[in-house]
Amino acid sequence: SGAGDSPVEVALARGDQASKRGALDEALAAYEQAKKLAPKKAAPAIGVARVKIAKLNLTEDYAAAKGNAAVTRLAADLRKASAAEPAFGPGLVELGRVLLLLGDAEGALTAAKKGAEAMPTTAEAQSAWGLALVATGHVEESIRPLALAASLEPDSAARRSNLGTVLMMAS
């Protein structure tokens, strides 16, 4: 945090740091503070949604949260945040991830693709798009974004595992 950071930026940074440490309650409080300070900004809403989903301890599987009212509400919040800032890549990526959890493969594909286009050098964005492609039956097309995600984060076992899985599916 620099001397000129706004209170919103400071709160978001606190939330990010707490989230990385696994201090989810602290992260949620920081993101909610940022949301109060900047209710029309997408980033605080995305932080709140990420933490609330993490606290649910869901598997990352397709449709793992199908019918889950809390996740459905979070998807609505993310849609609203993405509508407010349609070019904000992290919001699109998170919306794509949540829609996959809800079993909305087509909605996830649209959001994740836009997120990947907005963030071409971010592993999480490329991975979300690749997984949405797999969920919609586009296994061959998923290889490129999943390979890119693995190259952007070569030490990530999850990124390599996703790529290996689709390579086996495609052969």
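## Burial and overall form

Of the protein's 171 residues, 41% count as buried (under 20% relative accessible area; exposed is over 50%, partly exposed is in between, with a 1.4 Å probe and protein chains only). This is a predicted model, in which local features need pLDDT of at least 70, side-chain atom pairs count only at pLDDT 80 or more, and totals for chains, interfaces and linings use all residues. Residues are numbered from 1 along each chain as its sequence is written, and side-chain values use heavy atoms, with hydrogens and water left out.

The protein has 9 helices and 0 strands. Both kinds of element are DSSP runs, numbered from the N terminus: helices are H or I with at least four residues, strands are E with at least two. The order from the N terminus is α-α-α-α-α-α-α-α-α. The radius of gyration is 16 Å, close to the 16 Å that the globule rule gives for 171 residues, so the protein is as compact as a globular protein of that length. That radius is taken over C-alpha atoms, and the rule is 2.2 Å times the number of residues to the power 0.38.

The C-alpha trace spans about 50 × 35 × 30 Å along its principal axes. The accessible surface comes to about 8,900 Å², and 56% of it belongs to carbon and sulfur atoms. Areas come from the Shrake-Rupley method with a 1.4 Å probe; for residues, only the protein chains shown count as cover. Among contacts (heavy atoms within 4.5 Å) with a separation of 6 or more, 51% join residues 24 or more positions apart.

Helix H2 covers residues 24-37. Its 14 residues should span 20 Å at 1.5 Å a residue, and its end C-alpha atoms are 20 Å apart, which agrees. The expected span is 1.5 Å times one less than the number of residues. In H2, the buried residues are Ala-27, Leu-28, Ala-30, Tyr-31 and Ala-34. They cover an arc of only 165° around the axis, which puts them on the same side of H2. The arc is that of the directions from the helix axis to the C-beta atoms. An α-helix has 3.6 residues a turn, so residues three or four places apart point the same way.

The buried residues of H2 pack against helix H1 (7-21) and helix H3 (42-56). The face turned away from that buried side carries exposed Asp-25 and Lys-36.

## Around helix H1

Ala-13 sits in helix H1. At 22% relative accessibility, Ala-13 counts as partly exposed. Its C-alpha lies 9.7 Å from that of Ala-34, 21 residues apart along the chain.

Ser-6 belongs to the segment before H1. It is partly exposed, with a relative accessible area of 26%.

## Helix H3

The 15 residues of H3 should span 21 Å at 1.5 Å a residue; the end C-alpha atoms are 21 Å apart, which agrees. Buried residues in H3 include Ala-42, Pro-44, Ile-46, Val-48 and Ile-53. The buried residues of H3 pack against H1, H2, H4 and H5. Just after H3, Asn-57 takes a positive phi of about 55°.

Helix H5 (residues 89-102) has 14 residues. It reaches 20 Å from its first C-alpha to its last, close to the 20 Å expected. Of these 14 residues, 13 are buried, so H5 is largely enclosed by the rest of the structure.

A nonpolar core is a set of buried Ala, Val, Leu, Ile, Met, Phe, Trp, Tyr and Cys residues joined through side-chain atoms within 4.5 Å. The largest core has 29 residues, of which Leu-78, Val-98, Leu-99, Leu-102, Trp-129 and Ala-132 touch the most other members. H3, helix H4 (69-84), H5, helix H6 (105-118) and helix H7 (123-135) each supply at least two residues of this core. H5 gives the largest share, 7 residues. Apart from this core lies another, of 11 residues, among them Val-8, Leu-12, Ala-38 and Val-48.

## Arg-159 in helix H9

Arg-159 is in helix H9 (residues 157-170). At 11% relative accessibility, Arg-159 counts as buried. Leaving aside neighbours within four places in sequence, Arg-159 is in contact with Ala-123, Glu-124, Ser-127, Ala-149, Ala-150 and Glu-153.
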